[in-house]
Amino acid sequence: MAGPMGPKRYGGKNTAKKGTFTRLLKLLFKNYKFKLLLMVICILVAAIGGSASSVFLKEVADVIQAGDWTGFLKIIAFMIIIYASATLAGFFQTRLGATITQGFIKDVRVKLFDKMQTLPIKYFDTHTHGDVMSVYTNDTDALRQLVSQSLPQIFSTILTLTFLVSIMLFYSIWLTLIVFVCVILMFFVTKKIGGNSAKYFIKQQKSLGKTEGFIEESINGQKVIKVFTHEKESKKDFDALNDEYCENSTKANIFANIMGPVMNNLGHLLYVIIAICGTLLVVFNVRNVSISGSVIGLSVIISFLPMSKQFTQSINQIAQQLNAIYMGLAGADRVFTLIDEESETDNGYVTLVHAKYDEKGNLTESDVRTGLWAWKHPHKADGTVTYTPLKGDIVMEEVDFSYVPEKLVLKDVSLHALPGQKIAFVGATGAGKTTITNLINRFYDIADGKIRYDGININKIKKSDLRRSLGIVLQDTNLFTGTVMDNIRYGKLDATDEECINAAKLANAHDFIERLPEGYNTVLTGDGANLSQGQRQLISIARAAVADAPVMIMDEATSSIDTRTELLVQKGTDRLMEGRTVFIIAHRLSTVRNADVITVLDHGQIIERGTHQELLDKKGSYYQLYTGAFELD
Amino acid sequence: MKRAKKSMLRTLLGSVREYKLPSILTPLCMIGEVAFECFIPFLMSTRLLGHLEQAHELGVSPDVNYLLIWGGILILCAIMSLTFGSLAGIFAAKASTGFGKNLRKDLYYKLQGFSFKNIDNFSTSSLVTRLTTDVSNVQHAYQMVIRIAVRAPVMMVVSVVFAINILPKVGLIYLISVPFLVIGLALVMIFAMRTFNKIFKKYDALNNTVQENIKGMRVVKAYVREDYERDKFEKSAEDVRRSFTKAEKIVALNNPIMNIAMYTTTTLVLFLCASLGAEFDVANLSALMSYSVQILMSFMMFSMFFVMLTMAMASGKRITEVLNEESTIVDPVDPLTSVNDGSIEFKNVSFKYSDTSEKFALSDVNVKINSGETIGILGSTGSSKSTLVQLIPRLYDTSEGEVLVGGKNVKDYDLKVLRDSVAMVLQKNVLFSGTVAENVRWGDKDASLDEVKRVCKMACADEFISSFPDGYDTKIEQGGANVSGGQKQRLCIARALLKKPKILILDDSTSAVDTKTDAFIRNSIKNEIPDTTKIIIAQRVASVMDADKIIIMDNGKINAVGTHDELLKNNSIYQEVYYSQTQTDNATKEVNG
């Protein structure tokens, strides 16, 4: 059940690093030692059964010729035992294979996912979602194929080959030599055809990638094609790609299709040659050389015929599996690459704890939720612990930051947000507004300067605790599959239904949720595809509301909502912002007007700051931005 | 729609066309290959080995010439089989890839004729799957059909005939083992398919969790929900593991079934031969064995083929759905080939997206727009602003009433003529891979670079294009991934301007552009193409307040039409929006107080 490969992957190299295979085997053995051992035994027994037929054929032919009835019954009894055990072994082998593979793949998936959760945001900003996703689908699938099919099959084929060679040598070295000569010949023929086939397959994959890429792009832009009546041009472009793909794929398929009959019939040829040579050996009474010491007779020739066929088939199978093994290892390589990615580091030791005031009026830690929070700050020097109440006072001092070295995105940014203040950032796209919030919650770490939260350098705060103290509402709502209630509860996992509903009421979301077909139990799928943008945003605000963090970050939370809907959302956010320190990023100036401090960013620097009125009076950049709307009057 | 839909098979086979000959030659060559292939064991045992045995029994030396002649004939058979087999392979490759090409082409051409409504019926992602994965599946299935559907039965029949010819009683053995194999495999397949269909949903859910996490990692991290997500995923992965293991254990039954059939047949054949004792020709033993293997193999091949075919059926069905879909908008019989001017009139227009939906997206719309006017449209999300303008270039047809452009019903125009005169910048903008200039030239493929630059200047795009190292030759990546939202919008406006349209529609096309640039663009459009009717859908009042008329949409109806001053005086929706966007703190107090 190979999944469809994403077009983007076609160009990717299918080469694996050294050591991938050993690592894979180690990983397999770690958890499935016993089962693997059992499976190896099963494969061994099954392979014996598979190669024994020719021996039986020879022995039966001998006893028939000799008319030895009891000898025949002995052989038949032996046959039944061997076949029965081979059948059972084959059955258990596949069952074990299923258990091992699925278990292993689950381990890999969980490992991948666990790792992914620890990766820094930078990883997701620098890798396309499709590429990351492809590790879970295509690469994991290739790995599954490798473990479940290719590896056991190649192991079993090698065993069978070994058995066959032994049997052949046992009966006749001359005939074995003939088989070998023919197989070597076949090997060269297949290599020639296979080489050509591979060449055209690469071409085919490339043009398939191009064609599918084109299809994807043009279907996504189909409405634009219609609006610009570009149908004819689009057909022409498509035809060119489609024809090219067909041509390459015909060539690749011809080679692939010929391979079967060629191998098959070379097998027949070998079959015929064995028969002729065998009979000639008998006719000319050539002395047989063999381990068993038996003479070449009809029965030996008869047993060599199916063996030669089996031999060529096995070689063929190995050739086919090699490609799959290669692809599987390349997949394994990408899986390991992700697992080896560097996790987000966290050296923070200041934690967020429930707090209470003791009799003496000192702040101390509490075991139960008190509604009061404090930063627990252990001092390494003297072993004391101090508690600082969580207030939401944030200071940035001369902060510099760049995503890539040498390209500063923020330069010398300083600001002070007092508890309960609303700080707004305005400025053009790329001015660095979002970057500032990425730094506060430490999605990225600053290059120079300091950020303090309630007087504590945020580098000292444990990341999870820092983030828990920050509520966030983003432009992309990112709801998860589940009920509306589940989505709101995401903000605080132990919230009661009532708390969630209250949060929804606060966010102005309650009314529309009640009107949904199943109310709070309506299941959302595909990032809430069945809701409007505004409704999705209201739910994400409710989610932030239930988290009840002292500091809020609203990043373009209302930018893609029209102003009338925004009014509704605004009422929700206004209530949410009450009594909290809030960082607002907005494109639309109407959203930020009520902020206590508005900072205007330009190319990573704060060029103006003040209240709405102050900035208007100043008649600077903000004034220009704000009045830009009236320019035409 | 009412016309009886063509059957899936007929529709799909309609794409074979010029590849009929190789499609027929493939199975014919296959028959040739199988015939010679099956002949080999027969000749070998009756002639070559038979002669040897006879000579041995009579105690004479075998005739070498006789052996060499028959050896030569056998080699000839193998060569013939090889030739036919290779030819079959070549023809099969040509037929199947050609069929796939035609199928893809038919789908693509069909799609180009689709109306917006048709496109909405299928989602874009499902259309992509249908044109890619589904076509590949059907193409593979087609190759299987022309190769194996003939090969397997012929192989089976010929093998049985030869085998019975050698030893009639052997037929009895096949009578037992073949039905056992067929029924056994069929049962396993049926059970397995049923289980697999169920678990694929679980697998999809698992992938969905991953996808949501990749997309929403900021939210996960912001709420410190890493462990919660891990638990969720672990449960889901465990569920998938358990179900897949169970299903694969069912499939594991295939193995013993095939082995039992194979081993029992082998044992029985040997037993049968032995029971005949000296009467039996040992030379025939090998032929019987190889025919037995071939018979069982052909059945296994056939059952595999059947599974593949059932899987391809689903793909075939999805493809047929697209091929049988009738375009809902087609050119009139005797179309008008020119558009007089840019005047627009909506007469009693009502519209709903689907015939079955109860709710009208637009109802009783009556409005007249003069050529050259600038019209602003304002309204909340879901008030059908976009729907209204999409009726103008006939992207959708009205359900009731009519839309006139240049004084004529839009349904009377040649579609290309109409759409060439109406330039529309869609809300969901798309750029295509290619250079910046190529993208802008979508508006007019013969436009000179100067002209391209001129419209880019009008759309405020020239400044950022010039700042790119490659300027107008800068490559746009798929989906326009390497330009920002605002830049994309400006390029799309430039592209529309290059069409020199009679009507220009901007559907919320400057939402990501800052107010200053927005104003500049509106200004240059106003000054440079005064004769073009301009329709601007916007969320900012500032974008529409200087329009000749502003249409206020509310819940699929026109709430009011008027100038800025008129609406500010009389229209509550307009007032609400206007004050929310422009008032100062003092003004808030005034209005609310």
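How many helices and strands are there in chain A? Chain A has 18 helices and 16 strands. Chain B comes to 21 helices and 12 strands. Here helices (H or I, at least four residues) and strands (E, at least two) are DSSP runs, numbered from the N terminus. This is a predicted model, in which local features need pLDDT of at least 70, side-chain atom pairs count only at pLDDT 80 or more, and totals for chains, interfaces and linings use all residues. Residues are numbered from 1 along each chain as its sequence is written, while chains are lettered from A and ligands numbered from 1 in the order in which they are written.

Start with the overall form. Chain A has a radius of gyration of 36 Å, whereas a compact globule of 633 residues would have one near 26 Å. Along the principal axes, the C-alpha atoms of chain A fill a box of roughly 115 × 75 × 55 Å. The trace of chain B spans about 125 × 60 × 55 Å.

Next comes burial. A residue is buried if 20 or more other C-beta atoms lie within 10 Å of its own, exposed if 12 or fewer, and partly exposed in between, with C-beta atoms placed from the backbone. By this rule, 47% of the 633 residues of chain A count as buried. In chain B, 46% of the 593 residues do.

Now look at contacts. Two residues are in contact if their C-beta atoms, placed from the backbone, lie within 7 Å. Take the contacts in chain A with a separation of 6 or more: residues 24 or more positions apart account for 76% of them. In chain B the corresponding share is 79%.

The two chains also touch each other. The contact takes 122 residues from chain A and 127 residues from chain B. On the side of chain A, helix α7 (residues 231-283) gives the most, with 28 residues. By class, this side has 61 nonpolar, 43 polar and 18 charged residues. Ala, Val, Leu, Ile, Met, Phe, Trp, Tyr, Cys and Pro count as nonpolar, Asp, Glu, Lys and Arg as charged, and the others, Gly among them, as polar.

Move to helix α8 (residues 226-251) of chain B. Its 26 residues should span 38 Å at 1.5 Å a residue, and its end C-alpha atoms are 37 Å apart, which agrees. The expected span is 1.5 Å times one less than the number of residues. Which residues of α8(B) are buried? Among them are F233(B), A237(B), V240(B), R241(B) and F244(B). An α-helix has 3.6 residues a turn, so residues three or four places apart point the same way. The cover over the buried residues of α8(B) includes α2 (69-118) of chain A, along with α6 (170-215) and α7 (217-222) of chain B.

The loop between α7 and α8 of chain B holds V224(B). Phi of V224(B) is near 50°, a positive value in a residue other than glycine. Most residues other than glycine have a negative phi. V224(B) is partly exposed, with 18 other C-beta atoms within 10 Å.

Two strands pair if DSSP finds at least two bridges between them. I553(A) stands opposite F583(A) in β14(A).

Finish with strand β3 (residues 374-379) of chain B. Six of its six residues are buried. T374(B), G376(B) and L378(B) point one way, and I375(B), I377(B) and G379(B) the other. In a regular strand the side chains alternate between the two faces of the sheet. Four bridges join β3(B) to β10 (residues 533-537) of chain B, which run parallel. There I377(B) has I537(B) as its bridge partner. β3(B) also pairs with β11(B) in the parallel sense, over five bridges.

Technical notes: The radius of gyration is taken over C-alpha atoms; the globule rule is 2.2 Å times the number of residues to the power 0.38.
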